[in-house]
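Let's take a walk through a protein model together.

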Amino acid sequence: MRLPRADRSLETYRLSAPRAFPARAAGPMNRVAFSAAHVVADPLSDADPWLRPAIDWDRTLAYREHLWDLGLGVAEAMDTAQRGMGLDWPTSLDLIRRSVAAARGRPGALVFSGAGTDHLAPEAARSLDDVSAAYEEQVAAVEAAGGRIILMASRALARVARSAQDYALVYDRVLSQVRAPVIIHWLGDMFDPALAGYWGADAFDDAMATAVDIINRHAARIDGVKISLLDKDKEIVMRRRLAPGVRMYTGDDFNYAELIAGDEHGHSDALLGIFDAIAPAASAALVELARGETARFHAILAPTVALSRHIFRAPTRFYKTGVVFMAYLNGHQDHFTLVGGQESARSTLHLAEIFRLADAAGLLDDPEAAAARMRAVLAVRGVA
């Protein structure tokens, strides 16, 4: 097939053979692994995509079944699902209720769901009490649905907090009320610029000190912490300071293989957006790791890293476009349409490189069908 290059020429690209990953988990895993799952937009809805989300519920839930089949947990209604970036709180709660209900019918299906403050516009927050009340409202709604909590970072808190102590006051209040241990989510400003200075400091060491203090004081109420800073050294430093029993869930879509494998001091579990796009490979690799086959674990994941780094390259907040494009290429949805119209957030050259890297990693389930889908996208974008 013909793919565009940066010099505006077209190259003749020859497809590789796919890798034969199983459709179901081939054995137990010794890491807890969540995929932050995307939502499938409804392309036939009359809703204006910039103004109101329209979801294809059947395909969205089918994708969660696919992840559960592979032995992966679902991190629901997170930024991969365009939470706060097209997906509003009422639709997010609907999604959470549907996913939690679907998981009940599957033994061992794991789902944790995002609870934040996104129904409170940051500019409408006047006090820490406003932020705490917003958190409490969403936590109560998720718990009422029977769900477990991922306590998401708050744009409103980042706006009104004036010190590390302000963060401690809000998190102390919310954590004192949760019914079951939660996952704390530290999302870096490369994913969401509105979260710059989270935990009351710009310097990592100061921010980490505040986060670790809050987490360790509430260790009995915290399952783990997920950090998305795209810096393996920062994650390792923080991992070693967590109280016993508190998991570190890597959100590092650049260095996940190394962090999950771990070292003599410990390892990270996983809560990753890239696991949505590479789910069969992630499942196969994690099974090999549990078998003690570390070399096979790395051999499976190593070819996926270049793809992940490309999908998550700056501006990182547009990574959802690449995740959904992979789902489209592999036939999990019949269209390349995103909530909020974010199929337009990445260039044609970016999408062509995703195709090359996915093919090189053996991640195209049916290369010929993926090529036909790639051609359709290129045609719409003026590449004959």
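Before we start, a word on labels: helices and strands here are DSSP runs, numbered from the N terminus. With that in hand, you can find Pro 315, which sits in the loop between α11 (294-311) and α12 (319-329). Bear in mind that the whole thing is a predicted model.

Why stop at Pro 315? A cis peptide bond links Ala 314 to Pro 315, with omega at about -5 degrees. Most peptide bonds are trans, and most residues other than glycine have a negative phi. Gln 82 counts as buried because its relative accessible area is 1%, and the cut-off for buried is under 20%. Leu 230 also has a positive phi, of about 55 degrees, without being a glycine. You'll find Leu 230 in the loop between β8 (222-228) and α7 (232-239). Its relative accessibility is 17%, so Leu 230 counts as buried.

Now for the inside. In soluble globular proteins, nonpolar side chains tend to be buried together. In this model the largest nonpolar core has 125 residues, and the ones that touch the most other members are Tyr 171, Trp 186, Tyr 198 and Phe 275. Pick Tyr 171 and look around: leaving out residues up to four places away in sequence, its contacts include Tyr 135, Leu 151, Met 152, Ile 184, Tyr 198 and Trp 199. There's a second, separate core as well, with 11 residues, among them Ala 36, Ala 75, Phe 112 and Ile 183.

Let's visit a few buried residues one at a time. Leu 272 belongs to strand β10 (residues 269-272) and counts as buried because its relative accessibility is 0%. Along the chain, Leu 272 and Asp 252 are 20 residues apart, yet their C-alpha atoms are separated by 7.2 Å. Asp 252 is also one of the residues that Leu 272 touches, and so are Phe 34, Ala 36 and Tyr 256.

At 15% relative accessibility, Asn 255 is counted as buried. Its side chain makes a polar contact with the side chain of Asp 252, at 3.0 Å. Another polar contact, of 3.1 Å, joins the side chains of Asn 255 and Arg 309. Over in helix α10 (residues 279-290) is Ser 283, which is buried with a relative accessibility of 1%. Not counting residues up to four places away in sequence, Ser 283 touches Ala 25, Met 29 and Leu 70.

Finally, what about the gaps? Rolling a probe the size of a water molecule over the atoms shows where empty space is left. The largest pocket has a volume of about 310 Å³. It is lined by 21 residues, and the closest to its centre are Arg 83, Gly 84, Asp 118, Arg 155 and Asp 192. That lining splits into 11 nonpolar, four polar and six charged residues. The largest cavity holds about 40 Å³ of space. Its lining includes Ala 36, Asp 79, Phe 191, Gly 251 and Tyr 319, and divides into five nonpolar, four polar and three charged residues.

Note on methods. Residues are numbered from 1 along each chain as its sequence is written. This is a predicted model: local features need pLDDT of at least 70, side-chain atom pairs count only at pLDDT 80 or more; totals for chains, interfaces and linings use all residues. Side-chain values use heavy atoms; hydrogens and water are left out. On a 1 Å grid over the protein atoms alone, a cavity is a set of points where a 1.4 Å probe fits but cannot get out, and a pocket is an open set with protein on both sides within 12 Å along at least five of seven lines; lining residues have an atom within 4 Å of a point. Grid points are joined across faces, edges and corners, and a volume is the space filled by probe spheres set on the points. Ala, Val, Leu, Ile, Met, Phe, Trp, Tyr, Cys and Pro count as nonpolar, Asp, Glu, Lys and Arg as charged, and the others, Gly among them, as polar. A nonpolar core is a set of buried Ala, Val, Leu, Ile, Met, Phe, Trp, Tyr and Cys residues joined through side-chain atoms within 4.5 Å. Buried means under 20% relative accessible area, exposed over 50%, partly exposed in between (1.4 Å probe, protein chains only). Contact means heavy atoms within 4.5 Å. A polar contact is a pair of N or O atoms within 3.5 Å; within protein, one must be able to donate a hydrogen and the other to accept it, and residues adjacent in sequence count only if both atoms are side-chain atoms. Helices (H or I, at least four residues) and strands (E, at least two) are DSSP runs, numbered from the N terminus.
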